[in-house]
Amino acid sequence: MFIQPASSLKGSILIPGDKSISHRSIMFGALAEGCTEVTHFLQGADCLSTIACFQKLGIAIENTPECIRIHGKGLYGLRPPGCSLDVGNSGTTARLISGILAGQPFATTLTGDASIQKRPMGRIIAPLREMGADIKSLHENDCAPLCINSSKLKGIHYHSPVASAQVKSCLLLAGMYADGETSITEPVLSRNHTELMLAAFGANIKSSNVTASIQPRPHLTGQKIDVPGDISSAAYFIAAGLLVPNSELLIQNVGINPTRDGMLRAAKAMHANITPCNTRVISGEPVCDLLVKSSSLDGTEIGGSLIPALIDELPVIAVMAAYANGTTIIKDAAELKVKESNRIDTIVNNLTAMGADAVATDDGMIIHGGKPLHAAQIHTHQDHRIAMSFAVAALCAEGGTEILDADCACISYPAFYRDINSLRVV
């Protein structure tokens, strides 16, 4: 994909549904009794992998343009898949479904693409084994493929060394099949979509500060879910609207769950001109429209408890930092090393190729902003967030930027390039 600079961006954009909530709507709908209907579902490759896995587990799922219908069979209604479950590139699918499979009376093998087979699964293997799960890495490297055999689970109180919604959700889902209460305490609170949605489906689940607890064997009932727009997808348009001169964008239907709104807090610290409007609640999640105008940004420091609330947005925040005045320090973000790519190295290398002053650190990066960026060849390493972040960087760079393997954006935002081009002022 070749991206040319833009003189101005104007208009409104309705962003795709939230990826995290879309995944969970399929999983929880499958374990509920009755039909769950989901509108504004994200039709990205990762979420389609979740649908395919549950179809192989015996769940009838209708995917129509109007909505997704999941015909749930209850907590114990899944059936042996008859083959390996392929999660594709989706870490969310791999980690959350492992908690569900740990409680099934049959064995399952879980695999995925080359990227998934390098991503760390030890963070769920260890606590699941503590619960009594029979789960192992077939290559004995704490990565997929995973073999999960039938076993009897017991509730535990797990103190997670990392703030991870995927680890937390995996254990809460396994806890529905365990004897006794299951609790997870995190160092700081990660995104809480699982807690909100399971409660809406009928689970006995409670949250107190950084601890979530669930009681076993809930009776889940099918729901109607309207998925809010994904703030991680909105982030690219927020950045583009701020960076491209003479721009004004209205980004509609953005989920602003306080465990996910770190992008907005970071942008505010950089003195961005963003106005929330039409704030409302959709399916238990806070939502608003965002009016974004071109801004002169300033460097800031991003770290600590803010990191879990913007971990997926850090690539595009780094792009913002490269165009900002002064220095931005991103720290406490070592988790970036184990995403779809080593995002610390990938971000810094691509920013440097475009002429930015960026240096990698053990847990983040230091970016001295304000240098004009120029066109370069961007290596995405098949990482969708890198592809979209540097498409935004290219909008303000001198010359045409080439993004390699740009189609990896389909993992979370199939229409991204079309949507960004639709806002250009000709």
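Which residues does Ile-238 touch, not counting residues up to four places away in sequence?

## Contacts of Ile-238

In this predicted model, Ile-238 touches Ile-251, Met-263, Leu-264, Ile-274, Leu-290 and Val-292, when residues up to four places away in sequence are not counted.

In soluble globular proteins, nonpolar side chains tend to be buried together.

## Strand E15 and its partners

Strand E15 (residues 211-214) pairs in the antiparallel sense with strand E13 (residues 182-185) over four bridges, and Thr-211 of E15 is the bridge partner of Thr-185. E15 also pairs in the antiparallel sense with strand E14 (residues 205-208), again over four bridges, and here Thr-211 is the bridge partner of Ser-208. The hairpin of E14 and E15 has two residues between the strands, and in this hairpin Asn-209 takes a positive phi near 55°.

## The sheet of E1, E25 and E24

Three strands, in the order E1-E25-E24, form an open sheet with mixed pairing. Because strand E1 (2-3) and strand E24 (377-378) stand at the edges with a single partner strand each, one side of each is left without a neighbour in the sheet.

E1 pairs with strand E25 (residues 401-403) in the antiparallel sense over two bridges, and the bridge partner of Ile-3 in E25 is Thr-401. Helix H11 (residues 384-395) lies across E1, E24 and E25, and runs at about 170° to E25.

Definitions and conventions
Residues are numbered from 1 along each chain as its sequence is written. This is a predicted model: local features need pLDDT of at least 70, side-chain atom pairs count only at pLDDT 80 or more; totals for chains, interfaces and linings use all residues. Side-chain values use heavy atoms; hydrogens and water are left out. Contact means heavy atoms within 4.5 Å. Two strands pair if DSSP finds at least two bridges between them. Axes are lines fitted to C-alpha atoms, for helices over the stretch in contact, and angles run from 0 to 180 degrees between N-to-C directions.
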